[in-house]
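Student: I have a chain to look at and some questions about it. Can we go through them one at a time?

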Amino acid sequence: MTLYNLSTPFLYILFILLLPFEIPNVLLFVLAFITGLTIDAFYDTPGLHASACVILALVRIFFISVTVQKDGFDNEPEPTLSNKGLRWFSTYVITLTLVHHFFLFLIESFSISGLPYIIGRFLLSSLFTVFLILITGLIFFRKKERK
């Protein structure tokens, strides 16, 4: 789904974003690479989405290590909206989506000749993707049970 060839949501990054906290880094990178390679097969862009997904996995590791306490993994094993709350989840999604899309569109153009067009596509696609991810998170939102 594309909006005037300016905004293309890449909802597949939600798969990488919602992987459990305690997934081994090697497995995370392999899953991110395979996810990107699968998208590359359908878009006919060899390695473009695979590299962006691997960068996304790397930034995910850094973001989670900075923002999540290690002892909190037992109580909340997944980075979902219902587990972490709207504030943390939206910051997580926005940050990682911006990194993924910036890297993706920068490599896709591989030049700075059409920089305003690239920035426009990057911002609009990021906005559209974040919107769809947050809507998806709200659709599958479950309130925590009090114990």
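Predicted model: local features only at pLDDT ≥ 70, side-chain atom pairs only at ≥ 80, totals over all residues.

Student: Which ring pairs with the ring of F105, and is the pair stacked or tilted?

Tutor: There are nine aromatic pairs by the ring-centre rule. In one of them, the ring centres of F10 and F105 are 6.2 Å apart. Their planes meet at 50°, between the 30 and 60 degree cut-offs. So the partner is F10, and the pair is tilted.

Student: How many residues apart in sequence are the parts that this pair of F10 and F105 ties together?

Tutor: F10 lies in the segment before α1. F105 lies in helix α5. The pair therefore ties together parts whose separation in sequence is 95 residues.

Student: Is F10 buried or exposed?

Tutor: The cut-off for buried is under 20% relative accessible area. F10 has 5% relative accessibility, so F10 counts as buried.

Student: What angle lies between the ring planes of F63 and W88?

Tutor: F63 and W88 form an aromatic pair, 6.0 Å centre to centre. The pair links helix α3, which holds F63, to helix α5, which holds W88. The pair is tilted, and the angle between the planes is 55°.

Student: Which residues do ring pairs link into a cluster with W88?

Tutor: F63 is one member, and it counts as buried at 13% relative accessibility. The whole cluster is F21, F63, W88, F89 and Y92.

Student: Which helices do the buried residues of α6 pack against?

Tutor: Helix α6 has 25 residues and reaches 36 Å from first C-alpha to last. Its buried residues include I118, F122 and L134. They pack against α1, α4 and α5.

Student: How far apart are the end C-alpha atoms of residues 47–68?

Tutor: The unreviewed UniProt entry lists 47–68 among its transmembrane regions. The span is 91% helix and 0% strand. Its end C-alpha atoms are apart by 31 Å.

How values were computed
Residues numbered from 1 in each chain as written. Heavy atoms only, no water. UniProt positions renumbered as here; feature names shortened; annotations may be inferred. Helix = DSSP H or I, 4+ residues; strand = E, 2+ residues; numbered from the N terminus. Expected span 1.5 Å × (residues − 1). Buried < 20%, exposed > 50% of the residue type's maximum accessible area, 1.4 Å probe, protein only. Contact = heavy atoms within 4.5 Å. Phe/Tyr/Trp six-rings, centres within 6.5 Å; stacked < 30°, edge-to-face > 60°.
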